[in-house]
Amino acid sequence: MVVVRPGDVGVEVLMLRRGPKSRFGAGFAVFPGGSIDPTDDELASRWFGTPEERARACGVRELVEEAGLALTAGGVRTVATEHEGIVAVDEAPPPMERLPEIARWVTPDVLATRFDARFFGIAAPPGLEAWPDGLEIDRAWWAAPADVLDQHALWESLMWPTYNTLKELAECSSVDEVLSLRMEQVPPPGMAAR
């Protein structure tokens with residue numbers, strides 16, 4: 001989930017740092033999100049009317065779990081518990097147009113760890129606070145995309161999809177511009193597109 005809000009210049013994006021005990025990407029700066037769980041088909045059916053939207057449901061669920069934020073029909077809001085967040089979404093599911101797919105990243109088949117990540121854009125209000133779960137995520141913060149790129153190095157604390165998405169976000173002057181993005185996948189240096 002690429003959660004953005006108006007910044008002093010352009011936009012600010014919600015970033016999370018994966019905790020030192022994370023199974024994947026420990027210490028890396030990431031956007032909220034994760035792997036599809038078996039329960040995501042049911043959540044997708046409840047929230048979006050079809051299990052085919054399991055990736056969107058996964059993103060909404062992970063946003064609650066990792067950052068303490070619930071995306072509802074009324075917008076994004078802070079919640080105190082995972083249960084409170086899921087109930088809030090159940091009571092007022094967001095329309096799908098509130099979370100457009102802005103990018104899709106599939107790892108090259110030559111890499112041992114594979115993923116197929118769909119990035120959805122979400123507008124957030126100024127002043128919204130996020131809370132890391134303290135397990136998978138040990139830090140949550142808002143920053144200008146260019147600042148994240150300045151403070152985090154590719155392959156050291158930024159994965160290729162995050163790095164490229166931040167580069168695109170840094171060129172956006174408004175939240176609406178971010179939500180209109182439709183990024184093309186760019187292969188990592190030295191790897192041909194598959």
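Predicted model: local features only at pLDDT ≥ 70, side-chain atom pairs only at ≥ 80, totals over all residues.
Student: Let's start with helix H2. What makes H2 largely enclosed by the rest of the structure?

Tutor: The count of buried residues does: 12 of its 14 residues are buried, so H2 is largely enclosed. Among the buried ones are Ala-55, Cys-58, Val-60, Arg-61, Leu-63 and Val-64.

Student: How many disulfides does a search of the whole structure find?

Tutor: The search finds 0 disulfides. For a pair to be called one, the cysteine sulfur atoms must be within 2.5 Å. In general, a disulfide is a covalent bond between the sulfur atoms of two cysteines.

Student: Back to H2, then. How do you know that its length agrees with what a helix of 14 residues should span?

Tutor: At 1.5 Å a residue, H2 should span 20 Å, and its end C-alpha atoms are 19 Å apart, so the two values agree. Just after H2 comes Gly-68, with a positive phi of about 65 degrees.

Student: Arg-61 is a charged residue. Is Arg-61 buried or exposed?

Tutor: Arg-61 is buried: its relative accessibility is 4%, and the cut-off is under 20%.

Student: Why is the contact between Arg-61 and Asp-37 called a salt bridge?

Tutor: The rule asks for a side-chain nitrogen of Lys or Arg within 4 Å of a carboxyl oxygen of Asp or Glu. The closest N and O atoms of Arg-61 and Asp-37 are 3.3 Å apart, so the pair qualifies. This pair links distant parts of the chain, with Arg-61 in helix H2 and Asp-37 in the loop between strand S3 and helix H1, 24 residues apart.

Student: What is Asp-37 counted as, at its relative accessibility?

Tutor: Asp-37 counts as partly exposed, because its value is 31% and that class runs between 20% and 50%.

Student: How many salt bridges does a search of the whole structure find?

Tutor: That search finds 15.

Student: One last topic, the largest pocket. What makes up its lining?

Tutor: There are 33 lining residues, and Gly-33, Gly-34, Ser-35, Phe-115 and Ala-117 lie nearest the centre. They divide into 14 nonpolar, 6 polar and 13 charged. About 890 Å³ of space lies in this pocket.

Student: Which element gives the most to that lining?

Tutor: H2 does, with 8 residues. Strand S7 and helix H5 are also contributors, each supplying at least two residues.

Key: Residues numbered from 1 in each chain as written. Heavy atoms only, no water. 1 Å grid on protein atoms, 1.4 Å probe; cavity = no way out; pocket = protein on both sides within 12 Å on 5 of 7 lines; lining within 4 Å. Points joined across faces, edges and corners; volume = space filled by probe spheres on them. Helix = DSSP H or I, 4+ residues; strand = E, 2+ residues; numbered from the N terminus. Buried < 20%, exposed > 50% of the residue type's maximum accessible area, 1.4 Å probe, protein only. Expected span 1.5 Å × (residues − 1).
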